[in-house]
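I opened this structure to learn my way around it. These are my notes, in the order I looked things up.

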Amino acid sequence: TTLNMKMQQYAEEAMINHLKNDLQPAFFREKKGRTLAPFEGITRQEVDDIMMRAIRQSERYKKLRARKMPEDSIMMAFKEKHETQIFTWNGVVDTVMSSYDSIRYLKYIFRSGFMAMEPWTGHVKAYVGDHNYRYFQYDHVTQGRRQVGSTVKPFLYLLAMDEGVSPCKRIPLVATSFPTADSVYTPRATPPNPHAGKYVTLKWGLANSHNWVSAWLFKNYHPENVIKYMRKMGITSPIDAVPSMIYGPSDISLEEMVGAYNTFSNQGIYVSPVYVTRIEDKYGNVISTFHAREVEAISAETAYLMVTLLEGVVNHGTARKLRWLYNFSGEMAGKTGTTQNQSDGWFMGITPQLSAGVWVGCEDRAAHFDQLGMGAGGVMALPIWAEFFEKVYADTTLGITQEEIFRKPPGFRVDLDCVDITDKPNETDYSNL
């Protein structure tokens, strides 16, 4: 296999450390004493529906139904307390609890997926489908698909950049509206920005993940073309070309997202993730070999331009804690993502030698933090990515260092030293840069 055992260990440790020590205790504190917990923003009937779906999907329910037990008798059995073992972050615990209560308890537990791959070979070096296989056997790397939030925004910018629009192009920071069949849809920007009404650059818009800038791009560049780029970069999940696309409502797997972002660091060449390089028989004879599928998705110049824009997210934007909190000094680029109601937290990060992504959320989207303070991708997912890279950089045997730099294409000439916020539109026409 392509997995590196040290990197695999570091990824598992980083995931468990953050979920166990930071996110989960905060979530338990927030939901303590609430009758509908861990769910938020839904009715009691909707909670009952969620619980019934979970009960009917359980092995115990299926076995009882196979014995022809009536539905009301099954529900009585699920409400009876009995000796059982449950998952805790400090290990399996013996307790007395009903099957219904144990299912409700597991709805509190955060789930996560992590994947890291080598840019040029596609070799997957670390793969964590979730943090405890005994209790959580759903794979959140390839099997799971969740809304990707603002991690979709670089693809919107990609189309504009590939058509020759400079990152220094200034646009007015105002709301953009889209007429629909019977109303007008106007994407919101949260929280309100003090720069509203001023002129901002596209570079600033991506670094700060501002929805109004993304809405401007969506209205000025055909969304179907954005989806075409995403397809060339390995994303196969269904995507609707609708204005709400700027929020990242599409359900996409972590594997697809890591592969797509890897295209930026691999000079525009998409390589499909590879997990197994060869199969041998017991005598050492090679039965089959496997290689990444390669596609020239975007130009090397556009790929490097997108890397520099995503570096702005790390240096000055929503992922800047990688600099001031974790003190990373090497070149890295990335994008945070947060979905509606803080149901999903994402961080996609690329370095010259590794591309990696993280998703964090509960099993049900109705279980989530109340506010962005704890529910944002920069809080939910980014710390796992950061701890993984701290461990990788500290292990000199891996040969992955902060001294490596992204490869600049020969003759690359785009000036990114521009005034990001001003009261005036562009004095210079950047459209041909």
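**Confidence.** I noted that this is a predicted model. I looked up the mean pLDDT of the protein chain and found 93, with 98% of its residues at 70 or more. I then turned to residues 428–433, where the pLDDT is below 50. In the model this stretch has 10 contacts beyond near neighbours in sequence.

**Helix H4.** I went to residues 71–79, which form helix H4. Which residues are buried here? I found Ile 74, Met 75, Ala 77 and Phe 78. Seen down the axis of H4, these buried residues fall within an arc of 155°, so they line one face of the helix. Asp 72 and Met 76, on the other side of H4, are exposed. I also checked what the buried residues of H4 pack against: helix H2 (44–57), helix H3 (59–66), strand S2 (93–98) and helix H5 (99–106).

**Ile 298.** I picked a residue in the loop between strand S14 (294–296) and helix H11 (300–316). Is Ile 298 buried or exposed? Its relative accessible area is 4%, so I list Ile 298 as buried. Leaving aside neighbours within four places in sequence, I found Ile 298 in contact with Leu 158, Tyr 229, Thr 263, Phe 264, Gln 267, Gly 268 and Ala 303.

**Salt bridges.** I searched the whole structure and got 19 salt bridges. I looked at Arg 146 and Asp 344, whose closest N and O atoms are 2.7 Å apart. Arg 146 is in strand S5 (residues 146–147) and Asp 344 is in strand S16 (residues 344–350), so the pair ties together parts 198 residues apart in sequence. I checked the accessibility of both: Arg 146 is buried at 9%, and Asp 344 is buried at 0%.

Next I took Asp 420 and Lys 203, a salt bridge with 3.7 Å between the closest N and O atoms. This pair links distant parts of the chain, 217 residues apart: Asp 420 is in the loop between helix H15 (382–394) and strand S18 (421–422), and Lys 203 is in helix H7 (residues 202–207). At 24% relative accessibility, Asp 420 counts as partly exposed.

I also noted Glu 280 with Arg 278, at 2.7 Å between the closest N and O atoms. Glu 280 is partly exposed at 39%, and Arg 278 is partly exposed at 47%. Elsewhere I found one network, in which salt bridges that share partners join Glu 30, Lys 31, Arg 34, Glu 40 and Asp 370.

**Surface patch.** Which residues make the nonpolar surface patch of about 330 Å²? I listed Val 276, Ile 279, Ile 287 and Phe 290. Ile 279 lies in strand S12 (residues 278–280) and counts as partly exposed at 39% relative accessibility.

Methods: Residues numbered from 1 in each chain as written. Predicted model: local features only at pLDDT ≥ 70, side-chain atom pairs only at ≥ 80, totals over all residues. Heavy atoms only, no water. Patch = residues over 30% accessible without salt bridge, like charges linked within 9 Å, V, L, I, M, F, W, Y side chains within 5 Å. Areas by Shrake-Rupley, 256 points an atom, 1.4 Å probe, with all protein chains shown as cover. Salt bridge = Lys/Arg side-chain N within 4 Å of Asp/Glu carboxyl O. Helix = DSSP H or I, 4+ residues; strand = E, 2+ residues; numbered from the N terminus. Buried < 20%, exposed > 50% of the residue type's maximum accessible area, 1.4 Å probe, protein only. Arc of directions from axis to C-beta. Contact = heavy atoms within 4.5 Å. pLDDT = per-residue confidence, 0-100.
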